[in-house]
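Dear colleague,

Please find the structure below, handed over to you together with some notes on what was found in it.

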Amino acid sequence: MNILLIGSNGAMGQAVLQLVNRSKTDQVVLALQSEEETNPNLPIFNDFEALDAYVSKEHPVIDVVIDFSSATLSESVVNFSNKYHLPLVLATTGQSADVEQLIFDTAKTIPIINTHNTSIGVNVMQKALQLLTEYLYPLDYDIEIIEKHHRFKKDAPSGTAKMLFDSIQSQVNEPLHIQAGREGFYAARPHNEVGMHAIRSGNIVGEHTVIFANNNEEIEITHRANNRSLFAQGALKAAAYLTQAEPGLYDMSDVLDL
Ligand SMILES: NC(=O)C1=CN([C@@H]2O[C@H](COP(=O)(O)OP(=O)(O)OC[C@H]3O[C@@H](n4cnc5c(N)ncnc54)[C@H](O)[C@@H]3O)[C@@H](O)[C@H]2O)C=CC1
Ligand SMILES: O=C(O)C1=N[C@H](C(=O)O)C[C@H](O)C1
């Protein structure tokens with residue numbers, strides 16, 4: 001696969017490059033990042049205007065776009081991919097509702113995976129959460145989500161925490177309310193509240209815990225990412241899947257056949 005990598009010198013961009021460098025079949029052929037860098041083997045751009053000018057003039061062969069950058073770029077990433085009919089793995093987190101709508105609309109013309117977590121573990125954990133919620137929420141168990149990440153993470157709560165919430169909500173017939181952190185004195189916790197707590201510290205790669213508890217017992221289910229290569233591996237799997245896919249909005253359960 002020929003990959004256009006958005007966010008190439010970031011923590012995740014570097015993890016993707018390391019993995020691709022060991023591959024016999026995949027290569028990053030173009031890159032975009034905010035920092036200037038000259039690489040004789042890889043054209044690197046700092047904005048979409050320059051990237052667009054190059055692509056429209058040189059017509060490089062690109063099979064897929066992988067984006068691990070910033071939510072501030074997502075609109076441009078989606079519009080660029082659409083303009084050149086390129087499948088898109090959108091792995092960046094923190095998009096606004098407007099951009100989510102743009103992603104939904106654009107997936108009518110190109111294949112898109114919009115996922116906040118490309119790991120196998122988190123995607124299987126979502127299935128486990130659905131089962132736990134189905135049985136325990138009606139029995140009055142409280143549900144809380146705790147996520148922990150490195151000090152450089154810009155968005156909170158994490159995209160994965162929101163995905164886990166969506167899995168829980170999918171099994172409940174009433175609207176759940178996200179309570180982002182807690183402070184001060186207020187009335188008792190309503191049953192349909194899901195607390196969401198974001199820890200930022202050191203170089204924690206990424207950890208997500210969901211607690212189900214009543215007066216007598218607690219169940220905790222935790223996913224801990226020990227390194228970033230698992231996210232890069234998932235993104236490459238997703239990219240390969242999209243190169244064979246019709247236009248549409250897909251998720252990792254399609255890629256992993258869950
Ligand atoms: N879906 C998943 O499995 C995962 C998603 N992520 C998400 O990926 C994103 C990136 O994470 P990290 O690599 O840790 O961040 P980072 O801060 O280390 O890297 C960000 C990259 O985006 C580029 N960038 C940012 N703003 C830009 C701009 N205005 N113009 C051009 N380039 C720009 C930077 O130059 C850098 O290359 C975050 O949204 C994070 O939440 C991270 C890990 C896994
Ligand atoms: O920013 C990160 O690092 C991560 N972001 C993703 C998220 O917001 O869920 C996934 C992973 O936990 C790492």
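**Around T93**

Leaving aside residues up to four places away in sequence, T93 touches A71, H116, K153, D155 and G159, where a contact means heavy atoms within 4.5 Å. This is a predicted model, in which local features need pLDDT of at least 70 and side-chain atom pairs count only at pLDDT 80 or more, while totals for chains, interfaces and linings use all residues. Residues are numbered from 1 along each chain as its sequence is written, chains are lettered from A and ligands numbered from 1 in the order in which they are written, and side-chain values use heavy atoms, with hydrogens and water left out.

T93 lies in the loop between β5 and α4; helices (H or I, at least four residues) and strands (E, at least two) are DSSP runs, numbered from the N terminus. T93 counts as buried because its relative accessibility is 17%, the classes being buried under 20% relative accessible area, exposed over 50% and partly exposed in between, with a 1.4 Å probe and protein chains only. The side chain of T93 also makes a polar contact with the side chain of D155, at 2.7 Å; such a contact is a pair of N or O atoms within 3.5 Å, of which, within protein, one must be able to donate a hydrogen and the other to accept it, and residues adjacent in sequence count only if both atoms are side-chain atoms.

**The sheet and its helices**

An open sheet of 7 strands, with parallel pairing, has the order β3-β2-β1-β4-β5-β6-β12, and two strands pair if DSSP finds at least two bridges between them. At the edges stand β3 (44-45) and β12 (248-250), each with a single partner strand, so one side of each is left without a neighbour in the sheet. Helix α1 (residues 11-21) packs on the sheet and touches β1 and β2 (27-32), its direction making about 160 degrees with that of β1; axes are lines fitted to C-alpha atoms, for helices over the stretch in contact, and angles run from 0 to 180 degrees between N-to-C directions.

**Backbone details**

Most residues other than glycine have a negative phi, and most peptide bonds are trans. A cis peptide bond, however, joins A156 and P157, with omega about -10 degrees, and P157 is found in the loop between β7 (142-149) and α6 (159-169). H59, in the loop between α2 (48-58) and β4, has a positive phi near 50 degrees, and at 60% relative accessibility H59 counts as exposed.
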